[in-house]
Amino acid sequence: MATTSILYDAAGGVARITLNRPEVLNSFDTPMALRLQEALAEASKDEAVRAVYLTGAGRAFCAGQDLAEAVGRDGQDTINFTDHLRRTYNPIVQAIRALPKPVVCGVNGVAAGAGANIALACDIVVASAEASFLQAFINIGLVPDSGGTFFLPRLVGVARATAMMMLGQKIGAQQAQEIGLIYKVVPAGTLEEGGFGIARQLAAMPTKALGLIKKLVHDSLKNTLEQQLESEAAVQQEASGTADFAEGVRAFLAKRKPNFAGK
Ligand code: LHQ
């Protein structure tokens with residue numbers, strides 16, 4: 001398996017994962033998708049990693065499926081799409097959502113097709129002003145996958161989601177922020193500070209509680225208010241058992257800055 005299509009670097013509490021096939025706008029072939037799964041698993045199990053930062057090399061974030069692999073250069077189907085999704089993108093989206101640590105996506109350029117939806121699966125999405133989001137699927141006669149039909153209506157409402165998926169037009173980063181598709185747009189050239197900086201900041205925060213917030217937010221999408229209140233009550237008890245809660249309270253009472261260990 002090629003290992004360079006995904007770069008992985010863990011330092012200072014942050015695992016930086018870089019999609020790295022810039023010559024094809026970081027579009028995914030199967031080895032790259034499998035390698036991303038490995039990278040996410042590594043970030044999940046490494047206790048020294050307290051936040052993940054996902055970004056792309058070169059001018060794009062990710063152009064989705066490598067279409068040359070999907071249909072072959074002669075335009076003939078070479079893969080079964082159901083099997084392919086189950087083996088590649090679905091586990092990626094599920095791994096991002098299940099990872100008990102915050103995942104920040106730094107969208108450095110165009111995010112299209114499955115690439116856009118992998119970005120939207122992340123917990124905090126920061127985009128460079130020159131980035132864009134494109135539900136490209138319809139432009140080649142496909143339907144959105146990799147969670148697009150789940151994330152988009154929830155993020156921007158049914159009207160905008162349907163239009164984005166049906167019209168297949170690029171949404172600029174500024175507009176993406178305005179409609180609530182992403183957290184924030186930062187000036188071109190400042191993603192390192194504005195995106196990676198957020199991952200670094202999160203890596204010094206109470207990791208267990210961050211993971212629990214993520215779980216509560218995701219559970220809320222399928223719960224009633226009553227179930228969610230119960231869930232909060234149970235999860236709060238869990239948070240109160242962490243060393244970081246003890247440290248947070250101690251620091252507050254001593255009027256000093258807390259030093260969270262992520263435990
Ligand atoms: C690419 C790609 C690409 C290969 C740019 N593949 N080479 C799941 C299940 C199974 C099968 C199907 O798919 C899926 C999930 C999906 O993701 S389906 C959606 C797949 N993605 C797309 O349809 C997006 C296709 N790309 C584009 O629309 C454009 O390239 C965008 C809008 C992303 C960027 O446009 P430009 O900035 O104008 O760049 P470009 O089009 O000139 O691309 C630069 C190079 O990258 C070019 O190669 P070349 O050799 O001419 O320099 C493209 O062929 C290559 N490339 N996307 N997905």
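A polar contact here is a pair of N or O atoms within 3.5 Å. In this predicted model, glutamine 65 makes one through its backbone: a polar atom there sits 2.8 Å from a nitrogen atom of the ligand. Alanine 63 also uses its backbone, with an N or O atom 2.9 Å from a ligand nitrogen. Arginine 59 works through its side chain instead, where an N or O atom lies 2.8 Å from an oxygen atom of the ligand. As for cover, the ligand on its own exposes 1,000 Å², and the protein buries 66% of that.

## The shell around it

There are 26 residues around the ligand, and the ones that come nearest are Arg59, Ala63, Gln65, Leu67 and Ala114. Sorted by class, the shell holds 16 nonpolar residues, five polar ones and five charged ones.

Which elements each supply at least two residues of this shell? They include helix H2 (67-71), helix H3 (81-87) and strand S6 (110-112). H3 gives the most, with three residues.

## Helix H12, side by side

Now over to helix H12, residues 243-253, whose buried residues are Asp244, Glu247 and Ala251. Those residues sit on the same side of H12 because they cover an arc of only 60° around the axis. Helix H10 (207-220) is part of what covers them.

Turn to the face pointing away from that buried side and you find Phe252 and Leu253, both exposed. Just past the end of H12, lysine 255 takes a positive phi of about 55°.

Key. Residues are numbered from 1 along each chain as its sequence is written. This is a predicted model: local features need pLDDT of at least 70, side-chain atom pairs count only at pLDDT 80 or more; totals for chains, interfaces and linings use all residues. Side-chain values use heavy atoms; hydrogens and water are left out. A residue is near a molecule or strand if one of its heavy atoms lies within 4 Å of it. A polar contact is a pair of N or O atoms within 3.5 Å; within protein, one must be able to donate a hydrogen and the other to accept it, and residues adjacent in sequence count only if both atoms are side-chain atoms. Accessible areas come from the Shrake-Rupley method with a 1.4 Å probe; for residues, only the protein chains shown count as cover. Helices (H or I, at least four residues) and strands (E, at least two) are DSSP runs, numbered from the N terminus. Ala, Val, Leu, Ile, Met, Phe, Trp, Tyr, Cys and Pro count as nonpolar, Asp, Glu, Lys and Arg as charged, and the others, Gly among them, as polar. Buried means under 20% relative accessible area, exposed over 50%, partly exposed in between (1.4 Å probe, protein chains only). The arc is that of the directions from the helix axis to the C-beta atoms. Contact means heavy atoms within 4.5 Å.
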